[in-house]
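Welcome! Please have a look at the picture before reading on.

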Amino acid sequence: MAQFYVGGYRTGDPFVEDPDPSVAQRSDELPDTTDVLVVGCGPAGLVLAAQLAAFPDIRTVVVDRRDGPLEVGQADGVACRTVEMFEAFGLARNIVAEGYQVNEVAFWRPHPQDPSGIVRTGRIPDVEDDLSEMPHLIVNQARMLAFLRERMARSASRLAPRYELSVTGLEVGAGEYPVSVELNGSSTIRARYVVGCDGARSAVRRAIGQRLAGDEMHQAWGVMDVLAVTDFPDIRLKSAITSGAGSLLIIPREGGYLVRLYIELDDDRGSVTPETLTEVANRILHPYVIDVRDVGWWSVYEVGQRLCERFDDGPGEPRVFIAGDACHTHSAKAGQGMNVSMADTWNLGWKLAAVLRGRARPELLDTYSAERQAVAQELIDFDREFAAMFSAHPEGSTADPEKFQRYFRDQGRFTAGVAVRYAPSMITSGAPHQHLAEGLPVGMRFHSAPVVRVADAKPMHLGHAARADGAWRLYVFADADRVRFDPLCAFLGSFVPRFTPSGADPDTVIDVRAVLPQGHREVEVGDLPPVLRPRKGPFGLVDQEKVFSPDPARPDVFDLRGIDRGGAVVVVRPDQYVAHVLPLDAHDELAGFLDRVLVRT
C-alpha cells in the first residue's frame with residue numbers, strides 16, 4: 001500500500017520518485033568504483049537491482065553480457081510466494097493482471113482398457129485454501145524482468161542495466177573497494193561487494209573457486225510455446241500426462257491461447273526441431289491430436305541437479321556472492337528455478353543494504369550463504385524425486401494412477417514457495433514463545449491475513465502494508481484491555497529512535513504496526529500511542545496507517561493465525577520472514593534480539 005505526498009504535493013505519476021541529486025552527476029562511462037556490482041540481468045540479478053535501487057545512497061552498477069534485455073521468456077512459473085514478494089515491490093498487480101492463473105491440475109495416465117490411449121485420472125486444486133492470498137501464475141519471464149526494470153527506472157536512483165559487459169577477471173584484495181573486476185578484458189571496476197547472478201556458466205563462481213557439484217546433465221526435455229488447435233480437453237489446465245510414449249507437461253500461458261509444452265525426449269534425440277517435438281507430443285497425447293499452428297519459442301534443455309558448497313567467497317568476511325543458477329541448477333518440471341533464484345537475492349539485497357548503510361553489523365552477510373544453500377539443497381532433493389516420479393513410465397493397468405497426484409498435492413507448500421524455514425541464527429530466534437502466534441512460525445514467511453485499516457476503514461491484507469524498503473517490522477497484536485500493549489508502545493517510543501538515523505523518518509529502520517482485537521469503529525485514533533502515529537517528512541505529517549482491526553467480513557486475524565488473545569509481538573525481517581515471537585511484556589528480550597543485529601545511532 002503505497003504512500004506519497006509526504007514531502008509535498010506534486011503533479012504527475014506519484015509512483016515515479018524524484019531523482020536523487022546524484023543522478024544528475026552521473027556519466028555514461030563505467031565508474032571506477034561502486035558499492036555493489038551486480039553481474040547478470042536475469043531474475044536473480046534484477047530482483048537484487050530493484051531492491052538496491054530503493055537506496056540511492058548506495059552506488060550500484062548492473063552489468064550483463066547480453067546485448068540488451070531478454071525478449072523471449074524462458075522460465076515462466078511464478079509461485080505464490082514470489083507474487084507475495086512482488087507485492088512488496090509494488091508489482092503484484094501487474095503480473096496478476098497479465099498472467100495465467102493456475103487453479104487446478106489435471107492428471108492423465110494410460111487408459112486401463114486401451115493402454116495405447118490416455119485417460120484423465122484426476123483433477124486437484126493447484127493451491128490449498130489459505131496457503132497464500134496470492135495466486136500461482138504463469139507469466140512470460142521477459143515481462144517479469146521488464147516490470148523489475150521499470151521499478152528501477154521509477155526509483156530515486158534511476159538505476160539501469162549496462163549491457164555487453166562480461167566478467168573476464170575478478171580478484172579480491174584489501175582496501176575500501178577490495179574486489180577488482182575486469183570487464184571485456186579492457187575495463188576495470190572496483191567494488192565493495194560483487195554478486196554473480198550470471199547463470200550456470202558463471203564467471204564469478206569460477207573466480208571464487210566454487211563449482212557446481214552433483215548429477216551431470218542426463219535427461220533431455222524439449223520445450224515449446226505454441227499456438228495450436230487440439231481436441232485434448234484440458235489444454236487450458238495445467239496437465240501432467242504420462243503415457244507409454246513418454247511424459248508431457250502442459251502449461252497454459254497468459255492471453256488465452258498460448259500453451260507451453262514440456263516434452264520428454266528419449267535417448268535417441270537425433271535432430272530436435274519443433275516438428276519432431278510436435279510428433280512426440282502427438283504420440284504421448286494419443287488418441288488426442290494437437291495441430292501446432294505457430295511456435296513462439298522453443299528449446300531443448302538438459303539439466304542435472306547440481307549445487308555449490310558455499311554461495312560466497314567465505315569463510316570470513318564475504319565480499320563476493322553468487323545467486324540463482326550460478327550456484328544451483330535443477331529441472332524445470334517443478335517450476336522452482338526462477339522462483340528460488342529470485343528468493344536468493346531477495347534474501348541478500350536487504351542485508352547488503354543494511355550493512356552498507358551502517359544499519360546492521362557486517363556479520364549479517366554471513367547468514368546469506370548459510371540460509372540459501374540449505375534451501376537450495378532441499379530444492380535439489382525435492383526436484384530429484386519429483387522429476388523421477390514425473391518421468392516414471394506406468395506398467396500397464398497395475399500402476400497406481402493416484403500416486404503422483406497425491407505426491408503433487410502433498411508437496412504443494414514446497415512448490416508454492418511457502419515451505420522455507422530458516423534455522424536459528426543472529427536474525428532468526430529459537431521459538432520459546434511460538435504458542436503465542438502458532439500460525440506464524442519463526443523462520444517462515446509472514447503469512448498475511450485480512451484486516452481493516454482503522455484510520456480509513458479500508459479492508460486489506462496485513463502483509464501488504466510492508467514494502468521492499470529494508471525496514472524491520474514489529475507487528476504488535478494487542479491484548480483487549482491494553483494492560484500490556486500500552487507499556488510496550490511507550491517502551492518502543494523510546495527504543496526505536498535509538499536505531500533511527502538523524503533526520504530520517506521514525507519507521508525507517510524499525511516499523512511498528514498494531515493489530516487491535518476491537519472492531520475498527522470501536523477504536524478512537526486519537527487515543528493511540530504516539531509510536532503508532534509517527535510524524536514524517538519535512539512537514540511533520542502524521543502517518544495514520546499503522547493500526548488495524550479484524551475484518552468483520554472475513555475470518556478474525558487472531559483466530560486465523562493462532563494469535564493468543566493475551567497479545568504477542570511478531571518480529572519480521574525486511575524479507576518478510578518471521579524472526580521472533582514474544583510476549584508483550586518481554587521488552588528486554590526484544591531489545592536484546594534487535595541489538596544483536598542492528599547498530600544504534
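## How to read the model

A crossing of two helices is left-handed if the near helix is turned anticlockwise from the far one by less than a right angle, and right-handed if clockwise. Helices (H or I, at least four residues) and strands (E, at least two) are DSSP runs, numbered from the N terminus.

This is a predicted model, in which local features need pLDDT of at least 70, side-chain atom pairs count only at pLDDT 80 or more, and totals for chains, interfaces and linings use all residues. Residues are numbered from 1 along each chain as its sequence is written, and side-chain values use heavy atoms, with hydrogens and water left out.

## Helix 1 and its two neighbours

Two packed helices are described by the angle between their axes and the distance between the axes. Start with helix 1 (residues 43-52) and helix 4 (residues 141-154): their axes come within 9 Å and cross at roughly 20°. Helix 1 is therefore roughly parallel to helix 4 (angles under 35 degrees count as roughly parallel, over 145 as roughly antiparallel, 65 to 115 as roughly perpendicular and the rest as oblique). Axes here are lines fitted to C-alpha atoms, for helices over the stretch in contact, and angles run from 0 to 180 degrees between N-to-C directions. The crossing of helix 1 and helix 4 is left-handed. Pro-43, Leu-46, Val-47, Ala-49 and Ala-50 of helix 1 make this contact with Gln-141, Leu-145, Leu-148, Arg-149, Arg-151 and Met-152 of helix 4, where contact means heavy atoms within 4.5 Å.

Helix 1 also meets helix 7 (residues 337-356); here the axes come within 8 Å and cross at roughly 30°. Helix 1 is therefore roughly parallel to helix 7, and this crossing is right-handed. The contact of helix 1 with helix 7 has 11 nonpolar residues, 4 polar ones and no charged ones (Ala, Val, Leu, Ile, Met, Phe, Trp, Tyr, Cys and Pro count as nonpolar, Asp, Glu, Lys and Arg as charged, and the others, Gly among them, as polar).

## Helix 2 against helix 7

How do helix 2 and helix 7 lie to each other? Their axes come within 10 Å and cross at roughly 40°, so the two helices are oblique to each other. The crossing is left-handed. Arg-81, Thr-82, Met-85, Phe-86 and Ala-88 of helix 2 meet Asn-339, Met-342 and Trp-346 of helix 7.

## The largest cavity

The largest cavity is lined by 18 residues, and Arg-81, Val-340, Ala-343, Gly-417 and Val-420 lie nearest its centre. On a 1 Å grid over the protein atoms alone, a cavity is a set of points where a 1.4 Å probe fits but cannot get out, and lining residues have an atom within 4 Å of a point. Which helix gives the largest share of this lining? Helix 7 does, with 5 residues. By class, the lining has 11 nonpolar, 4 polar and 3 charged residues.

Most residues other than glycine have a negative phi, and most peptide bonds are trans. Tyr-5 has a positive phi, near 70°, and sits in the segment before strand 1 (33-39).

The peptide bond from His-286 to Pro-287 is cis, with omega near 15°. Pro-287 belongs to the loop between helix 6 (274-285) and strand 17 (290-302). Gly-314 and Pro-315 are also joined by a cis peptide bond, with omega about 5°.

Definitions and conventions
1 Å grid on protein atoms, 1.4 Å probe; cavity = no way out; pocket = protein on both sides within 12 Å on 5 of 7 lines; lining within 4 Å.
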